[in-house]
Amino acid sequence: MKRHVLRKRLISLVLGLIVCGGTLYVAPTAFAATTQTSEVSDSKQQLIDIVLKPKSQTKLLNFVYDSVDPSNRHYRKFVTSGQFASWFGQSTKQITQIRKYLKKHHLRATVYRGNLVMVVRGTTKNVEKAFKVNLVNVKEDGVHYQKSKGAPKLPKSISKSVYAVFGLSTYSPFSSTQSGIKLSSFYTAAKSSNNQPAKYSPKKFVHRYNLSSLYAGGSTGRSKTIGIISFANFHPNDVYRYWDGEGINVKSNRLSVYRTNGYKGTWDGYDETTMDVEQAGAIAPDSNIKTYLAQSNITGMVNSIAAAAGQNVVDSLSLSWGQSEAQVAYEIKQGITPRKYNQILNLLFEQAAAQGISVFTASGDNGAYDGITTGMTKGLSVDTPSNSPYVTSVGGTTLPRTYVVNKKKVTIPTERAWGSEFLYPNYIHQRFFSQMDMIQSYFSGGGGGFSQYNATPKYQSGFSGVGTYKATQLWTFKNGQPVRLKHPKQVSGTKSGRNLPDISANADPFTGYSMFVTPKKNSGAKGEWEVSGGTSVVAPQMAAASALMSNNSVGRLGFWNPQIYKFAATSSSPFTPLDSRTNNTNLYYTGQPGKLYNQATGLGTIDFTKLNQAFNG
């Protein structure tokens, strides 16, 4: 299997050029497509989201930090979703008023626990009247979707409590092989159709990052639940077959699926869901795994996160799907994505943090050029929602290994940032199946850099290495196309914004992990063992490790970041910074010698024995 081909669906593609030391390569370039519109049927059923304002953003933010501060009286006194609604969510009185207005227009409304997201259902005719919009069908370059003409409006008496309205557009950036949103992390480096390769076992994660002591201490994830946010179905039998192949005895009812808004599911991207569940369950063998499956659009993403926070049954949450900030900016400009999308995600992640849920997101697999495969990125970019200050962004590394490049051995002697630049000499003679295959090969690495949407969070402010950077510039962009430099430049500087990732672990598919999968829609097929990589392998592994450590605590660990940055600044730090300036790049950013943080690998790799002691000391 290959990682999903990605492109922006609202554009047509023509061939551009990547100039690499005189060699020409092909890359996607956008041009405007012909647009046709028609009226949406009056009787079509619509699903709209109203995001409600919190009572006090300042009080909510303060509580999020207080809940993970050992010196504060609120330390680990996390709230329930009901308490969250009472303390921070929109008032019941105001919600009742909004419901009355919607009912007057024959619209039904339900609210996720927490009082932040209201789901509205009804016909096109009634939605248009209630929100003062005109819904149209759009046909553009063979792509069909719905959008709104005009911004939604509500009466002043209720709009004062409304943060945003969205769902009027059904554009689906999360769809599979042609999508503009990406599986932040999946592709296959090798296959073994008969047996699981032992060297690709998730036990490698356990031994490499010193998790064994947690098992020895009785931590197996018992009574803990790990949540997986995804957009595609999976075969439970594949997952149990995988755990059986790993020699892991698990209970037969550990898996559950929540279908957000009653979504029946698609099989596009099922390999990603399969991998996430397999990895999380292997690292925390006695945990429960709850997968949230939603329609592959913005409404599905927001509602799944709102559902997971509202139900409050998961102790940690893993999210492996993402989208570049550059593409989000483009979609906002096109009126497809709400302008406050970034703030909406932040608000929901704050709810999770206030309830003690630890959230882990994959930082992306195109190095410092997140989303390069969509044709939207014309320079450095980072991934969303990994750019949120309220999640733990997980980057990638490459483990020590010897490669043969142009018949010469290339040895990676120590763990380093994941980036494919040391394989570039081989690509001159490499045959690629498609231009996307080629782009993915050249721009393969752990995501990281600076967010343009989120300011530097308090826990990063003034921290060693944050806001400064060192880099090796391998590429420049001309007329929107990447051009490889014959002579890479060493650069350094300062920059503001949320720095990501926060932590890193092995994500290179060449040093990756096994998975077992059968063909989609055919669980009775023989299936095969495969070797996979990407930062989305690491996100569920980290969520599982968090569940293990919470076994030894008085309860949930809560929002990791304010805690781990403090741990990293101590003499007994559980982190190993990968601070080398050379042979240590995510295709742009490198280590910063002597600094505790860099944008290629964050704080570095984890010794979980030490981290467990720090969390539970």
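# A guided tour, strand by strand

**Stop 1: strand 14.** Select Leu255 and Ile289 to begin: Leu255 stands opposite Ile289, which is in strand 14. Helices (H or I, at least four residues) and strands (E, at least two) are DSSP runs, numbered from the N terminus. The model is predicted: local features need pLDDT of at least 70, side-chain atom pairs count only at pLDDT 80 or more, and totals for chains, interfaces and linings use all residues. Residues are numbered from 1 along each chain as its sequence is written, and side-chain values use heavy atoms, with hydrogens and water left out.

Now widen the selection to strand 13 (residues 255-259). Five bridges join strand 13 to strand 14, and the two run parallel. Two strands count as paired if DSSP finds at least two bridges between them.

Is strand 14 enclosed or open to the outside? Five of the six residues of strand 14 (residues 288-293) are buried, so the strand is largely enclosed by the rest of the structure. Buried means under 20% relative accessible area, exposed over 50%, and partly exposed in between (1.4 Å probe, protein chains only).

**Stop 2: the whole chain.** Zoom out. The protein chain has 17 helices and 31 strands. Of its 617 residues, 63% are buried. Among contacts between residues at least 6 apart in sequence, 78% join residues at least 24 apart. Contact means heavy atoms within 4.5 Å. The chain exposes about 22,900 Å², and carbon and sulfur atoms supply 50% of that area. These areas come from the Shrake-Rupley method with a 1.4 Å probe; for residues, only the protein chains shown count as cover.

Stop 3: Axes are lines fitted to C-alpha atoms, for helices over the stretch in contact, and angles run from 0 to 180 degrees between N-to-C directions. Look at strand 3 and strand 7 (residues 134-140): five bridges join them, and they run antiparallel. Pick Ser38; its bridge partner in strand 7 is Asn137.

Stop 4: Which order do the four strands of the next open sheet take? The order is 5-6-4-9, and the pairing is antiparallel. Four bridges join strand 5 to strand 6 (residues 117-123), which run antiparallel. Click on Val111: it stands opposite Met118 in strand 6.

Helix 10 lies across strand 4 (45-52), strand 6 and strand 9, and runs at about 55° to strand 4.

**Stop 5: Phe516.** Go to strand 28 (residues 513-517), where Phe516 lies. Phe516 is buried, with a relative accessible area of 6%. Not counting residues up to four places away in sequence, Phe516 touches several residues, including Asp238, Arg241, Tyr242, Thr274 and Trp529. Then turn to Trp243. The C-alpha atoms of Phe516 and Trp243 are separated by 9.2 Å, yet these residues are 273 residues apart along the chain.

**Stop 6: Asn346.** Asn346 is found in helix 12 (residues 341-354). At 9% relative accessibility, Asn346 counts as buried. Leaving aside neighbours within four places in sequence, Asn346 is in contact with Ser388, Pro389, Tyr390 and Asn454.

**Stop 7: Ser420.** Select the loop between strand 22 (416-417) and helix 13 (424-427); Ser420 lies there. Is Ser420 buried or exposed? Ser420 is buried, with a relative accessible area of 5%. Leaving aside neighbours within four places in sequence, its contacts are Tyr427, Ser441, Tyr442, Ser444 and Leu587.

**Stop 8: helix 17.** Finish at residues 608-616. The buried residues of helix 17 are Phe608, Thr609, Leu611, Asn612 and Phe615. They cover an arc of only 165° around the axis, which puts them on the same side of helix 17. The arc is that of the directions from the helix axis to the C-beta atoms. These buried residues pack against several elements, among them helix 15 (535-550), helix 16 (561-568) and strand 31 (605-606).
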